[in-house]
Amino acid sequence: MDNSISKFINPLTDFGFKYIFGRHADKEFIISFLNALQIGPKPITDVTFIDKEKKGESKDDRALIYDLHCQLEDHSMIIVEMQNRYQTHFDDRALYYLSADIYSQGEKGEGWDYELTPVYGVFLMNFEWKNVREQHIREDVCLCNMQTKEVFSDKMRMTFLKIPMMEKDAEECETVLEKWLFIFKNMEKMEALPQTFTKDPVFRRLGEKAKYAALTEKEKKAYRESLKVYRDNYAIAETERTLGRAEGRAEGIENVALNLIRMNLDDSMIISATGLPAERIQRLRSQL
C-alpha cells in the first residue's frame with residue numbers, strides 16, 4: 001500500500017465524507033450523527049438522499065465544499081456540508097443556500113398556502129472562523145424575536161461545528177457528537193478506533209467500513225484523487241497563513257513558493273496562492 005495512504009480513509013475529503021455519510025446502504029452513520037446533534041423535534045429513524053445541484057458554485061467551490069441533502073420522514077430537509085477552507089462571506093453563503101431550499105418550496109403551483117417544511121443546515125468547518133463572536137465548538141443559529149429572544153420560526157436553523165476546536169482525547173469523549181467530531185479530526189491518523197467508541201455498534205461497523213483496504217480498486221483510485229485535492233488545498237491554506245505572518249515580504253513569499261514547488265503543486269496553484277508571476281515561479285524551479 002502507498003505509504004502516504006493511512007489505514008482509514010480521511011472523512012474530510014470529498015470521497016471520504018460521501019462514502020461514510022452519503023451511501024444508502026450505510027445510512028446508520030448519517031442518522032447517528034444527525035441524532036447526536038438533536039436538530040429536529042424527535043429522533044431521526046430514516047433519511048432519503050436527494051440529488052441537488054447548487055446554482056452559482058464555481059469549480060473551486062466544489063473542490064473545497066461538498067454536501068449531502070437529506071430528506072426526513074416528515075419531509076423536512078437537512079443539508080450537511082463540509083467546508084475545508086474559509087470563504088469570504090461564509091455566513092452569508094450558508095444563509096443563501098438554506099434560503100434557496102426554502103424558496104423552492106413555493107414551486108408547487110396554484111393553491112400553495114405558504115406553509116413551509118423545515119430546512120436545517122449543518123456546516124462542518126475544517127478551518128478557523130475568525131469573525132465568530134462566541135468561541136464555542138458548536139454554534140446554533142435560528143430566527144428569533146430580538147426583544148424576547150424567543151424563537152420566531154422553527155422552519156430554518158443553522159448549526160456550525162468547528163472541527164479544529166475539537167481538542168479532547170478519545171478517552172475524554174463522552175457524547176456521541178464528541179465522538180463524531182473526534183473521528184472527523186483524527187480518523188486518518190488512527191490505526192484502530194478507540195475501544196470506548198467501539199462499544200457502540202455504529203462506530204464498530206464504521207471501523208470496518210472506513211478501512212482503505214475495504215475499498216474496491218475503483219474506489220481506491222477515486223479516494224486517492226480526492227485525497228490529493230484535499231492535500232493540495234490544505235497546502236494552499238497553510239500558504240495563505242504563512243503569507244499573512246510574512247506580512248507580504250518578498251523573501252517570505254518566495255520561500256513559500258519554493259516549499260510548494262517541492263510539494264509538486266502545479267504552477268497555476270502556486271501562482272494563485274502566492275501572487276507571484278509565472279516567470280518568477282519558473283526561475284525558482286530552476287534553483288532546485
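Tutor: Start with tyrosine 114, which sits in the loop between α4 (90-104) and β4. Helices (H or I, at least four residues) and strands (E, at least two) are DSSP runs, numbered from the N terminus. This is a predicted model: local features need pLDDT of at least 70, side-chain atom pairs count only at pLDDT 80 or more, and totals for chains, interfaces and linings use all residues. Residues are numbered from 1 along each chain as its sequence is written, and side-chain values use heavy atoms, with hydrogens and water left out.

Student: Is tyrosine 114 buried or exposed?

Tutor: Buried means under 20% relative accessible area, exposed over 50%, partly exposed in between (1.4 Å probe, protein chains only). Areas come from the Shrake-Rupley method. Tyrosine 114 has a relative accessible area of 63%, so it is exposed. Its phi is near 75°, a positive value in a residue other than glycine.

Student: Where is histidine 75, and what is its phi?

Tutor: Histidine 75 is in the loop between β2 and β3. Its phi is positive, about 75°, although it is not a glycine.

Student: How do I read a nonpolar core?

Tutor: In soluble globular proteins, nonpolar side chains tend to be buried together. A nonpolar core is a set of buried Ala, Val, Leu, Ile, Met, Phe, Trp, Tyr and Cys residues joined through side-chain atoms within 4.5 Å. Here the largest one has 53 residues. Phe21, Phe33, Leu34, Leu124 and Leu206 have the most contacts inside it. Elements giving two or more residues to this core include α1 (14-21), β3 (77-83) and α8 (217-246). The largest share, 7 residues, comes from α2.

Student: How many residues of α5 are buried?

Tutor: 9 of its 11 residues are buried, so α5 is largely enclosed by the rest of the structure. Among them are Trp180, Phe182 and Asn186.

Student: Which strand holds phenylalanine 160?

Tutor: Phenylalanine 160 lies in β6. Its relative accessibility is 3%, so it counts as buried. Phenylalanine 160 and alanine 94 are 66 residues apart in sequence and 9.7 Å apart in space, C-alpha to C-alpha.

Student: Which residues form the negative surface patch?

Tutor: Patch residues have over 30% relative accessible area and no salt bridge, with like charges joined within 9 Å. A salt bridge is a side-chain nitrogen of Lys or Arg within 4 Å of a carboxyl oxygen of Asp or Glu. Asp and Glu count as negative, and the charge is placed at CG of Asp or CD of Glu. Here the patch is formed by Asp169, Glu171, Glu172 and Glu174. Glutamate 171 lies in the loop between β6 (151-162) and α5 (176-186). At 66% relative accessibility, glutamate 171 counts as exposed.

Key: Patch = residues over 30% accessible without salt bridge, like charges linked within 9 Å, V, L, I, M, F, W, Y side chains within 5 Å. Areas by Shrake-Rupley, 256 points an atom, 1.4 Å probe, with all protein chains shown as cover.
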